[in-house]
Amino acid sequence: QSRSEAQIQDAAKGGYVLAKEKGELKAIIIATGSEVSIAMDAYAQLEGVRVVSMPCAELFMTQDAAYREAVLPASIRARVAVEAAHVDYWWKFVGLDGKVIGMTTYGESAPAKDLFQHFGITSQAVIEAVQSY
């Protein structure tokens, strides 16, 4: 996914809107690193969904409230985070109504492609999570 100059500057803020919603915003997918491609695959098959790339959540949290609200509007509670590591960290961004697609255990070892399938870290899982709202 190519990024605009503004998106490149916003990446330095720790999180930014990578793909704007088509139509009315209904859900947000949050991803970082290799998971961004999964989020973008799901985005291509959904409407009303925004993809937020979050390369550094700690840095994102230091931004002013207006910027954080522009990226992750509080009114949108339908949120799905995609995480190749353990899911616990992302609950603070998706909230009580959100969902996190990722690992819930540790210790597996295999090529990333196989682990993603094993743990259900797929664009189809993201699509189903978004559609469940």
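Visitor: Which residues does Ile30 touch, not counting residues up to four places away in sequence?

Guide: One reads such a list with sequence neighbours set aside. In this predicted model, Ile30 touches Val52, Met54, Leu72, Val80, Ala81, Val82, Trp90, Phe93 and Val94.

Visitor: Where does Ile30 stand in the largest nonpolar core?

Guide: The largest nonpolar core here has 47 residues. Ile30 is among those with the most contacts inside it, together with Ile29, Met54, Leu72 and Val126. Helix H2, residues 35–43, gives the most to this core, namely six residues.

Visitor: What is the order of the elements from the N terminus on?

Guide: The protein has seven helices and five strands, and they run α-β-β-α-β-α-α-β-α-β-α-α. The radius of gyration is 14 Å, close to the 14 Å given by the globule rule for 133 residues, so the protein is as compact as a globular protein of that length. The C-alpha trace spans about 40 × 30 × 30 Å along its principal axes.

Visitor: How many of the contacts between residues at least 6 apart in sequence join residues at least 24 apart?

Guide: This share is read from sequence separation. In the protein, 55% of those contacts join residues at least 24 apart.

Note on methods: Residues numbered from 1 in each chain as written. Predicted model: local features only at pLDDT ≥ 70, side-chain atom pairs only at ≥ 80, totals over all residues. Heavy atoms only, no water. Helix = DSSP H or I, 4+ residues; strand = E, 2+ residues; numbered from the N terminus. Rg over C-alpha atoms; globule rule 2.2 N^0.38 Å. Contact = heavy atoms within 4.5 Å. Core = buried A, V, L, I, M, F, W, Y, C linked by side-chain atoms within 4.5 Å. Buried < 20%, exposed > 50% of the residue type's maximum accessible area, 1.4 Å probe, protein only.
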